[in-house]
Amino acid sequence: MPVPVPVPVPVHGAVPVPVPVHGAVPTPAAPVPARTLARRLGAYLTFAAALFASTLTFAQEPAAEGPADAPVSASREVERHLEDGRRLYRELDFPGSVDAMRRALNVPGVSAAQRLEAWEYLGAAYVVLDREAEAEAAFREVFALDPYHRVREPSGSPKIERFVEALRRQVVSDAALDPEVELRALLPAAARVDRPVPLRVEVEGPPSVASVEARVRPDDEREWRSVPLERVEEGAFEGELPAPANRGNLEVYAEARDARGRVVSRAGEPLVPLVLPVRERDDVPLRRRPWVWVAVGVVVVAATVGIAVAAAGRETAPNGTLPPGQVTLPLR
Amino acid sequence: MSWTRRRASFGVAAWLGALLATGCGDERALVLRLETEAVAEASLCLTAFDQELLFSERYAAADATGTLTFLAGDRTDETLRVAARLRRGGRVLAQAAGEGRFGAGGSSELRLRVARCAETTALPETPLGTSVGATGLLAADTDGDGRDELWLSHPEGVRVLGGSASSATRVLGVGDSDDDCLDDVLVADATGLLALPGGERLTASAELAVLADAGRGLGLATGDADGLRWGLLDGVMRSLTGQPVRDLAAADLDGDGVDDLVAVGEGGVAVFLGGPAGPVAAVGAAPTGWAGQRLALLDLDGDGVDDLAIADETRVRMARNRGDGLFEARDELAIEGVRALRAFDADGDCRDDLVVVADETRIHLGGEDARVTAGSSLGALVDVVAADVDGDGRRELVLLDAEGQVRTWSE
């Protein structure tokens, strides 16, 4: 059984930001050109040292995400509007919150999770403002994004909850969300490459849950994989998620259904999943890993040959200032 | 891990290191020095071409000044063709292209400047080919080599000049519909609208179609006797008006970064200003009482926003855009039987001039406040288009005459 530890709490808007991929032909990074032998020597040694240092860094921590200027700036702009909308909603300025959420929805590139939150606040604000037709349209957008999304209106207003669930009964046939049923997913602090991930889901509340299923995917894939969990005791289900093949993050959520197959409760959601970091296997010491020696060899030999090449007076092409800097043209 | 395996790993590494270091040695390279006019809301598409597309990348126009190095790698070619196009929405605002030579054992340079009013030399009058029976002409660079191909509408099938025919019969518009930095050509066949050369089916058939920047993506407007329709390329089309439409154009008329639409028919001129929820009718934006069959949006007075030209049975009328999408009537020309209105900077003053395709096709040079100051005659033509056929960054006027002959025009 896994040790119960806190899992990352899903936060609206805290979605992985896609890293932009240049349409260019992949190219290796090239050293900066040097005009003199001394400068060339310095450049190669710096390159070698940097490469060696990076190998040590890779051995300990996953690589940080690269720059993602355009999507990040769009995401920040959306987040700014969402924060305004949340604040105004808390301050009971519902028309102001509506305006802020509409601005968020109009930002190009707004993510599905951000749209979900914006529509949710819009719907709640419209219910408060007695604009029922607009509230219904907003919550229909919510259900289009995720039919089983549990609305988390900050004040816990029963009026809004009644409105949402009455509408959900009309448009989602297999939903029977029970606010008294809570799922708690217990995951290890991190997954390891090539090792299955134990998962335990505890159910609190009325005994209406007949089955629990986990859905999992690496964060760079679109398709969710279903993993049925087995009941191990009253109110507890367990199973193993498939072993991740690579480092990165796993996205997970669990879904409980009643005897009629209707969704009763969830831990995490498809658009706001639980996130589990995947790390390298930790049972192999650094000095016994082949890639460490390969990296050391590459650094040493590249530095040596580089110095030799530089000493022979060979020229290298300059790196450009426009991304990706250099483009190696493919062989026809 | 045993020492034997460790040594083997080190040996493999040595090989890789040697390859890496050798690869960093003498490199045949072409360094592109790119200078781009920073036009708001515009993007720059950069492509490299040598018998096939080798590279394409899109940059924000404001960030598209700098250098980029092309390494020949293992290619034996001596030259590389590089093209840069400044785009906003579906349209090209400016372009530049050139051919660079890889350094024999080092780097050489290619300089390109992309600006809306770059100085270039005009191509002398040159015959380009013949397509007997062709009924219309459009220009598009669909392969990214920096030279426009000429697409011809033809009753026996749309074709590129000198190429084979497709099943479609009419070329309607040009734009980058799939965001790959290459022009796509909108054509109509019996079943609907297609984007060539990919063949993606867009919507039901229509007489007219234009691509427009909707702010949140690319939109498509279509028009015919049933009215004007609009939708995002990946969305649902909705009706903007049921009034019959005879001609249609899109441009950012109010400077908000979102394209607006103008449609004309016998019932009048309708202006739709683009916004977050799509185009909205701007009542009273066009001069009252105007109607017609053909229209063009072009910057006649050089103030950076497009003005309006409308042709009816007997005349061409022009209106100046105040800068907010509202038009003031200015001038008119008495010309009958207008088949098309086109924009083309004939005199190189960075202002559009109006080409009126009629029984006697004429170019009217725009002046201050869109007043007509001069005109020149080209004879009887079927269609004309502004196209960069030689890839030097300057567009030439290309003429299609009644015999199907296609040629560039020179004063």
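Figure 1. B:L202 touches B:L186, B:L193, B:A195, B:L220 and B:L233, with residues up to four places away in sequence left out; contact means heavy atoms within 4.5 Å. B:L202 counts as buried because its relative accessibility is 19%; buried means under 20% relative accessible area, exposed over 50%, and partly exposed in between, with a 1.4 Å probe and protein chains only. A separation of 9.5 Å lies between the C-alpha atoms of B:L202 and B:S177, which are 25 residues apart along the chain. This is a predicted model, in which local features need pLDDT of at least 70, side-chain atom pairs count only at pLDDT 80 or more, and totals for chains, interfaces and linings use all residues. Residues are numbered from 1 along each chain as its sequence is written, chains are lettered from A and ligands numbered from 1 in the order in which they are written, and side-chain values use heavy atoms, with hydrogens and water left out.

**Figure 2. Packing of helices α3 and α4 of chain A.** The axes of α3(A), residues 94–105, and α4(A) are 9 Å apart, at an angle of about 155 degrees; axes are lines fitted to C-alpha atoms over the stretch in contact, and angles run from 0 to 180 degrees between N-to-C directions. The two helices are therefore roughly antiparallel, a term for angles over 145 degrees, whereas 65 to 115 counts as roughly perpendicular, under 35 as roughly parallel and the rest as oblique. The crossing of α3(A) and α4(A) is left-handed, meaning that the near helix is turned anticlockwise from the far one by less than a right angle; clockwise is right-handed. The contact includes A:F94, A:M101 and A:L105 of α3(A), and A:W119, A:L122 and A:Y126 of α4(A). Its residues divide into 11 nonpolar, 1 polar and 2 charged, where Ala, Val, Leu, Ile, Met, Phe, Trp, Tyr, Cys and Pro count as nonpolar, Asp, Glu, Lys and Arg as charged, and the others, Gly among them, as polar.

**Figure 3. Crossing of helices α4 and α6 of chain A.** Helix α4(A), residues 112–128, and helix α6(A), residues 158–171, have axes that come within 10 Å and cross at roughly 115 degrees. They are therefore roughly perpendicular to each other, and the crossing is right-handed. A:A124, A:V127 and A:V128 of α4(A) meet A:K159, A:I160 and A:F163 of α6(A). This contact comprises 5 nonpolar residues, no polar residue and 1 charged residue.

Figure 4. Most residues other than glycine have a negative phi, and most peptide bonds are trans.

**Figure 5. Positive phi at A:D194 and B:Q51.** A:D194, not a glycine, has a phi of about 70 degrees and is placed in the loop between β2 (191–192) and β3 (197–204) of chain A. A:D194 is partly exposed, at 48% relative accessibility. B:Q51 has a phi near 70 degrees and lies in the loop between β2 (43–49) and β3 (53–60) of chain B. B:Q51 is exposed, with a relative accessible area of 62%.

How values were computed:
Helix = DSSP H or I, 4+ residues; strand = E, 2+ residues; numbered from the N terminus.
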